[in-house]
Amino acid sequence: MELRRCGHRHGVVASLGLLLACGDAESTGDAGVSPASERCDFSLMAGSVETSKSGVSIELVQTEPDPPARFLNDWRIRLDAEALDSTSGADLDVEPFMPAHGHGAGTPVTVHDMEDDGLYDLQGLNLWMGGHWEVRIGFKVADLSDRVVFDVCIPD
Ligand SMILES: [Cu+2]
């Protein structure tokens with residue numbers, strides 16, 4: 001619904017007819033403000049759990065800041081120890097990604113194995129833009145590779 005709003009900035013050529021038909025939609029002026037399609041209003045709370053297709057759960061234990069906000073965020077997560085033979089030495093690959101725009105954070109996320117009951121600290125998630133981000137957490141333990149995705153809505 002929001003994607004069809006008049007004056008949306010994406011796909012200008014394809015929607016030229018729409019823009020003309022909408023006339024003064026442009027005069028509402030969204031320069032410097034995120035397009036409507038980026039806005040979201042759900043919240044991601046510490047304690048949220050996501051489960052991979054292979055059945056491995058990851059809990060978001062703690063976020064800093066809380067709730068998540070623009071720019072640098074640090075998260076603590078816990079891999080479900082029951083789903084794995086061992087969580088020691090799990091290889092994590094963390095990638096924040098904005099699906100509406102097809103871009104990432106631009107800077108790598110540092111992963112620290114806390115060596116304590118599946119806890120990992122993810123430092124420097126640079127959620128620099130307001131809107132919907134996917135925080136994709138790939139993991140590899142022994143022969144198992146999979147991922148979970150935490151959806152997070154960052155306020156402007
Ligand atoms: Cu973006």
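Among contacts in the chain between residues at least 6 apart in sequence, 57% join residues at least 24 apart, where two residues are in contact if their C-beta atoms, placed from the backbone, lie within 7 Å. The model is predicted, so local features are given only for pLDDT of at least 70 and side-chain atom pairs count only at pLDDT 80 or more, while totals for chains, interfaces and linings use all residues. Residues are numbered from 1 along each chain as its sequence is written. One helix and nine strands make up the secondary structure, helices (H or I, at least four residues) and strands (E, at least two) being DSSP runs numbered from the N terminus.

**Overall layout**

- Read from the N terminus, the order of elements is α-β-β-β-β-β-β-β-β-β.
- Of the 156 residues in the chain, 18% are buried; a residue is buried if 20 or more other C-beta atoms lie within 10 Å of its own, exposed if 12 or fewer, and partly exposed in between, with C-beta atoms placed from the backbone.

**The five-stranded sheet**

- An open sheet with antiparallel pairing takes its five strands in the order β1-β2-β3-β7-β6, and two strands count as paired if DSSP finds at least two bridges between them.
- The edges of this sheet are β1 (49-51) and β6, each of which pairs on one side only.
- Neighbouring strands of this sheet are turned against each other by 25° on average, direction ignored; the axes are lines fitted to C-alpha atoms, for helices over the stretch in contact, and angles run from 0 to 180 degrees between N-to-C directions.
- Strands β3 and β7 run antiparallel and are joined by eight bridges; in this pairing F71 stands opposite L127 of β7, and L72 has N126 of β7 as its bridge partner.
- Strands β6 and β7 also run antiparallel, with four bridges between them, and the bridge partner of H112 in β7 is D121.

**The four-stranded sheet**

- A further open sheet, again with antiparallel pairing, has its four strands in the order β5-β4-β8-β9.
- Because β5 (103-104) and β9 (144-154) stand at the edges with a single partner strand each, one side of each is left without a neighbour in the sheet.
- Seven bridges link β4 (residues 91-98) to β8 (residues 131-141) in the antiparallel sense, and D91 has K140 of β8 as its bridge partner.

- Leaving aside residues up to four places away in sequence, I77 touches I58, E59, L60, V61, Y120, L122 and I137.
- In soluble globular proteins, nonpolar side chains tend to be buried together.

**Backbone features in the loops**

- Most residues other than glycine have a negative phi, and most peptide bonds are trans.
- The peptide bond from E64 to P65 is cis, with omega near 0°, and P65 lies in the loop between β2 (57-64) and β3 (71-79).
- A cis peptide bond also joins D66 and P67, with omega about 0°, and P67 is found in the loop between β2 and β3 as well.
- E115, which is not a glycine, has a positive phi of about 50° and lies in the loop between β6 (110-113) and β7 (119-127), the hairpin of these strands having five residues between them.
- With 11 C-beta neighbours inside 10 Å, E115 counts as exposed.
- D117, also in the loop between β6 and β7, has a positive phi near 55° although it is a residue other than glycine, and D117 is exposed, with 9 other C-beta atoms within 10 Å.
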